[in-house]
Amino acid sequence: MKIEGYYSSGEFARMANVTLRTIRYYDKQNVLKPSLVTEAGARFYTEEDFARLQQILLLKYLGFSLEDIKGMIIDDPDYHFMLDSLNIQLKLVKDRIEQMQLVEQAIQDTAEAIRTEKIIDWSRMLKLIHLTGMEKSFKNQYQDASNISARINLHSLYSQNKQGWFPWIYEHMRVVSGMRILEIGCGDGELWKQNLKSLPDGISISLSDISEGMLRDARRKIGAEDARFDFFEFDCHNIPYEDGTFEMVAANHMLFYCMDIENVCREVRRVLKPGGKFVCGTYGGDHMKEVNGLVQKFDERIVLSAEKLYERFGRENGRQILEPYFSNIQWVQYEDKLIVPEPEPLIAYILSCHGNQGQHLLNRYSEFRSYVKKRTEKGFKITKDAGIFICRS
């Protein structure tokens, strides 16, 4: 039986150079379902199904389990999702290459030590165990990168303020030659990537994050050869610098993730020079409120974030939190809104949030996509309630 535009399970498997047993197994595990099942039970696939298979095979190659993969890919052939997926896959491949290079070097060093010293250096063995047991952190790095990409993408596509969030922050930082700057929680370094051409000479910028994967992304974006930048992995609750080291510290949308915000503020004040500047970005209670309303109207069980981060450190209470440690505190609002005319980037944003939406949306994905498409046909308006606190030590 031949159906125009469809491939039988056998044809699909041969074209993809996998076994029919593999295709049947993915079907049984609900990872790759056929696009068409006839009354007789014959299964057929489309060319669009190759995109999902490609993602599955690459993620399997990189070491993810099928259970992991189920929550990592979306059954949507739209180019927004495909391009974003390919970019993230490329980052993953680069991460894996770097990891395997470290493993290669560690094996060579360990073998050389055994040859020359005739003893086993158990500290080197521990390093090898650490390097070869990174699958959990690798998965977390994928999820972090995917989520950050989805959020930045929505804002970059549809923000009405054409200056952009990162150039706007940089403008208010007032960076001048000779400064020594620290960013805590730098993520993938996008703040500096977007402003590299504006940076003066003679400055020193230390980028830090608790995530090794984020720092790798930052190095790639900025370029490890740029002598103005250093990259350090540490927890900002204990900043490993001497008192009065920096003229400026930046923290963009990260203080509300800290377990002890007051302690981080004390550490920031400690490493700032007298009169030094602390620039910290956050948002208020109205930020993206229409997105919550959208998903709640579709399914009232959905909560995009069990914790309202702006209640920990936001526009409304940030000054009160900062006042014991800093002076001359000023809030500067970023004037902007989103007008979203298509569903896919908005859906990607929704799925990137820290909530329970996955368990309620993925099994009703087609229905949800139609719902969002209807709401975005005339442009879906979203409030942005974000800005920065600028204060002095």
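Me: Start with the helices. What is the handedness of the crossing of α12 and α17?
Reply: Right-handed. Keep in mind that this is a predicted model.

Me: Which residues meet there, between α12 and α17?
Reply: From α12, Leu-294, Val-295, Lys-297 and Phe-298. From α17, Glu-367, Phe-368, Tyr-371, Val-372 and Arg-375.

Me: What angle do α12 and α17 pack at?
Reply: About 130 degrees, with the axes 11 Å apart. That makes α12 oblique to α17, because an angle has to be over 145 degrees to count as roughly antiparallel.

Me: OK, new topic. What is the strand order in the open sheet?
Reply: β6-β5-β4-β7-β8-β12-β9. That is 7 strands with mixed pairing.

Me: Which strands stand at the edges?
Reply: β6 (229-233) and β9 (327-334). Each has a single partner strand, so one side of each is left without a neighbour in the sheet.

Me: How much are neighbouring strands turned against each other?
Reply: By 15 degrees on average, direction ignored.

Me: Do β7 and β8 run parallel or antiparallel?
Reply: Parallel, joined by 6 bridges.

Me: Which strands does helix α8 touch?
Reply: Helix α8 (residues 165-173) packs on the sheet and touches β7, β8, β9 and β12. Its direction makes about 20 degrees with that of β12.

Me: And α10?
Reply: Helix α10 (residues 212-222) also packs on the sheet, touching β5 and β6. The direction of α10 makes about 170 degrees with that of β6.

Me: Now the backbone. What is phi of His-253?
Reply: Near 50 degrees, a positive value in a residue other than glycine. His-253 sits in the loop between β7 (246-252) and α11 (261-271).

Me: Why does His-253 count as partly exposed?
Reply: Because its relative accessibility is 23%, and buried means under 20%.

Me: What about phi of Met-288?
Reply: Positive, about 60 degrees, and Met-288 is not a glycine. Met-288 lies in the loop between β8 (272-283) and α12 (289-298).

Me: Is Met-288 buried or exposed?
Reply: Buried, with a relative accessible area of 3%.

Key
Residues are numbered from 1 along each chain as its sequence is written. This is a predicted model: local features need pLDDT of at least 70, side-chain atom pairs count only at pLDDT 80 or more; totals for chains, interfaces and linings use all residues. Side-chain values use heavy atoms; hydrogens and water are left out. Helices (H or I, at least four residues) and strands (E, at least two) are DSSP runs, numbered from the N terminus. Buried means under 20% relative accessible area, exposed over 50%, partly exposed in between (1.4 Å probe, protein chains only). Axes are lines fitted to C-alpha atoms, for helices over the stretch in contact, and angles run from 0 to 180 degrees between N-to-C directions. Angles under 35 degrees count as roughly parallel, over 145 as roughly antiparallel, 65 to 115 as roughly perpendicular and the rest as oblique. A crossing is left-handed if the near helix is turned anticlockwise from the far one by less than a right angle, and right-handed if clockwise. Contact means heavy atoms within 4.5 Å. Two strands pair if DSSP finds at least two bridges between them.
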